[in-house]
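Me: I'd like a close look at one part: how the strands pair. Which residues face each other across strands, and what sits over their rings?

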Amino acid sequence: MYRKKILYLLISFFLVIQTLEGYSQPLDSISLAAKPIFTSLDEALKTPNEVYRLHLRKQKLKKLPIEVFKFNNLQDLDISKNKLTELPAGIENLPNLVFFDASSNNLTTIPAEIGQCIYLKKLVLNRNYIEELPASMANLIHLEYLDLWSNSIIEFPQAMDKLAETLKELDLRVINMNDERQEAIRTLLPKTTIYFSRSCNCN
């Protein structure tokens, strides 16, 4: 009985070690910049553990390939200028994501799972059709730059006030907002530099 307990503990220990090895923390910016940029999904899949930067922009993608979620070390993902209408649940399988650009697509929503990408520093979503942000984005405690330029934002989560100390820049230009809405967002994020277009006489 004693030997079985020891064996069980040893197996549990090795499983934990394997999990930690599979999900290491992100590289620093200098080390990341030295990594190659993969522009072909097929090439990237040949060495998935070596993929830190993946740029699939301008590839006429209508859906995000689920194979992208195999890259546990991915930190820099650019899927801009495609024809994506949604980001599928699964983005949480990229735990080390730091830079994410999904601009110039046809997105209308952002999955709540984005809140699990806690290392995100820069999130670019401009030129889409996004109407609201998930409250889970308040979990992005390292987020420094959020670009929502030219979207259709109606609701801005109250929970975003949790980013008041970390979010440095927020771009909300080319979004119809009256003075009241703009002031409410400034109140949520008093230390953030926020870019608005001229306010409108709209609800």
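Reply:

Asp76 stands opposite Phe99 in β4. The model is predicted, so to speak in its own terms: local features need pLDDT of at least 70, side-chain atom pairs need 80 or more, and totals for chains, interfaces and linings use all residues. Numbering runs from 1 along each chain as its sequence is written, and side-chain values use heavy atoms, without hydrogens or water.

Asp76 and Phe99 belong to a pairing of β3 (residues 76–78) with β4 (residues 99–101). The two strands run parallel, joined by 3 bridges. (Pairing takes at least two DSSP bridges; a strand is an E run of at least two residues, a helix an H or I run of at least four, numbered from the N terminus.)

Now the whole sheet. It is open and has 8 strands. The order is β1-β2-β3-β4-β5-β6-β7-β8, with parallel pairing. β1 (37–38) and β8 stand at the edges. Each has a single partner strand, so one side of each has no neighbour in the sheet.

Move along to β6 (residues 145–147). It pairs with β7 (residues 169–172) in the parallel sense, over 3 bridges. Across this pairing, Tyr145 stands opposite Glu169 in β7. The ring of Tyr145 has a further contact: Lys122 lies over its face, at 5.4 Å from the ring centre. (A charge sits over a ring when NZ of Lys or CZ of Arg is within 6 Å of the ring centre and within 35 degrees of the ring normal.)

β7 also has a partner in β8 (residues 193–196). These strands run parallel, and 4 bridges join them. Leu172 stands opposite Phe196 in β8.

The charged end of Arg173 sits over the Tyr195 ring, 5.4 Å from its centre.

What about rings pairing with rings? A search of the whole structure finds 0 aromatic pairs. (Rings of Phe, Tyr and Trp, the last by its six-membered ring, pair if their centres lie within 6.5 Å; planes under 30 degrees apart are stacked, over 60 edge-to-face, the rest tilted.)
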